[in-house]
Each structure stands twice: as structure tokens, then as C-alpha cells.
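Trainee: I would like to go through this structure residue by residue. Please show it first.

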Amino acid sequence: MFIALVSAGLAVNIETIESLKNGCCSTNSRGFEMEDGYVATVTAIPYEAISELGIPIDDLVGLLFFELPENSLEVSFLSVTVTGKCKRGEPVDGVWADLYIIGEGFLVQTARYDPFILIDSNRLVVALSIYLDTSIYYSVVLNGSGTTIKWEFNNVM
């Protein structure tokens, strides 16, 4: 169930994001078993790789790029949690991220926990938002009913 329409005429398209995924982030790909039994390939794309794209989401942390089997028409997971430090330096430990779905020319916010996402192709991009300092170490966890995947990013310069 979608909560709110955030933007129309989004300048970023899925092909641009897919080229980033294939270029810099292919080692961040993992298999994720969804509740319907299908296995999706999920690639985490950190903030540093997408910061120049101009995605209009406050406190953007990164993207999850789902590649789904042909038979799958929905994406199922419980939540995405983030651990790191907030922009004020205080610890953030396993906090649910706000979730946004990026499609062809649109951006919508969806439920933070147990979202029900229907798709019409085998690709889905979910943007993550939380008040986090992305210039330091942080981790992103995709939580499912049977599978949990964790990505760690260390952007100390």
C-alpha cells in the first residue's frame, strides 16, 4: 500500500541506477529469499555512489536494487534497518529506514514495515532514508521472515 505521492517527473531513471549497480556495486549483490519462496538478487548502492544523482529525498542513505525472477509479481520483506551514527554524532542502532520506491518517472513513499509492493517488471529500486551521517561507517540490513542480509559501508576519507 502506497502512502503518499512524493514527486512526479523524476529525473533519475532505473537504467541510470542499474548502470551504477553494474559499475561500482556488483560485489554488494546478495540472494534474498522472499516470503513467496522466490529468490531475488538485491544490490545495495551506498550514498556515495548516488549522491550526485539529485534524488529528491531528505536524508537519503542509499538504494536497494531488486532483480526478481520472471514469475514474481510482488516484493516481500519485513523492513530495512540501519545502524551507524546520526548527523549529530549520536548512535543509531537498528532503526527502521523510511522506504521510497523509485520507478520510471515517479517516486512514492511506502510503509516502513512489511510493505506490499506490486511490480510490473523484474526490477525494483527502493530508496532508504534516515537521519544518518553517511560519511562514516554504517550498515544496512534487509530483514525478511526467513532471510536477513547485511551490508556494511565504511566511507571514512
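Mentor: Helices (H or I, at least four residues) and strands (E, at least two) are DSSP runs, numbered from the N terminus. This is a predicted model, in which local features need pLDDT of at least 70 and side-chain atom pairs count only at pLDDT 80 or more, while totals for chains, interfaces and linings use all residues. Residues are numbered from 1 along each chain as its sequence is written, and side-chain values use heavy atoms, with hydrogens and water left out.

Trainee: Which backbone oxygen lies 3.2 Å from a polar atom of the Tyr138 side chain?

Mentor: A polar contact is a pair of N or O atoms within 3.5 Å; within protein, one must be able to donate a hydrogen and the other to accept it, and residues adjacent in sequence count only if both atoms are side-chain atoms. The backbone nitrogen of Tyr47 lies 3.3 Å from a polar atom of the Tyr138 side chain, but that is a nitrogen. The backbone oxygen at 3.2 Å belongs to Val61.

Trainee: With which side chain does that of Asn143 make a polar contact?

Mentor: Asn143 is placed in strand E12, which covers residues 138–143. Its relative accessibility is 16%, so Asn143 is classed as buried. The polar contact, at 3.2 Å, is with the side chain of Thr81.

Trainee: How far apart in space are Gly84 and Ser139, C-alpha to C-alpha?

Mentor: Gly84 belongs to strand E6, residues 79–85. Gly84 is buried because its relative accessibility is 12%. In sequence Gly84 and Ser139 are 55 residues apart, and in space their C-alpha atoms are separated by 6.5 Å.

Trainee: How many salt bridges does the structure hold?

Mentor: Side chains of opposite charge can pair when their charged atoms come close. A salt bridge is counted when a side-chain nitrogen of Lys or Arg is within 4 Å of a carboxyl oxygen of Asp or Glu. The number of salt bridges in the structure is 6.

Trainee: Which residue meets Arg123 in a salt bridge?

Mentor: The N to O distance in this salt bridge of Arg123 and Glu18 is 2.7 Å. Arg123 lies in strand E11 (residues 123–129) and Glu18 in helix H1 (residues 14–24), so the pair ties together parts that are 105 residues apart in sequence. Arg123 is partly exposed because its relative accessible area is 21%. The partner of Arg123 is Glu18.

Trainee: Is Lys21, which forms a salt bridge with Glu67, buried or exposed?

Mentor: The closest N and O atoms of Glu67 and Lys21 are 3.4 Å apart. This pair links distant parts of the chain, with Glu67 in strand E4 (residues 60–67) and Lys21 in helix H1, 46 residues apart. Glu67 is partly exposed at 26% relative accessibility. Lys21, at 6%, is buried.

Trainee: Which residue meets Lys150 in a salt bridge?

Mentor: Lys150 is partly exposed at 44% relative accessibility. The N to O distance is 3.5 Å, and the residue asked for is Glu152.

Trainee: Is Pro115 buried or exposed?

Mentor: Pro115 also sits in the loop between E9 and E10. Pro115 and Leu78 are 37 residues apart in sequence, and their C-alpha atoms are 6.9 Å apart in space. With a relative accessible area of 3%, Pro115 is buried.

Trainee: Where does Asp59 lie?

Mentor: Asp59 is a residue other than glycine with a positive phi, near 60 degrees. At 27% relative accessibility, Asp59 is partly exposed. Asp59 lies in the loop between helix H2 (47–50) and E4.

Conventions:
Buried means under 20% relative accessible area, exposed over 50%, partly exposed in between (1.4 Å probe, protein chains only).
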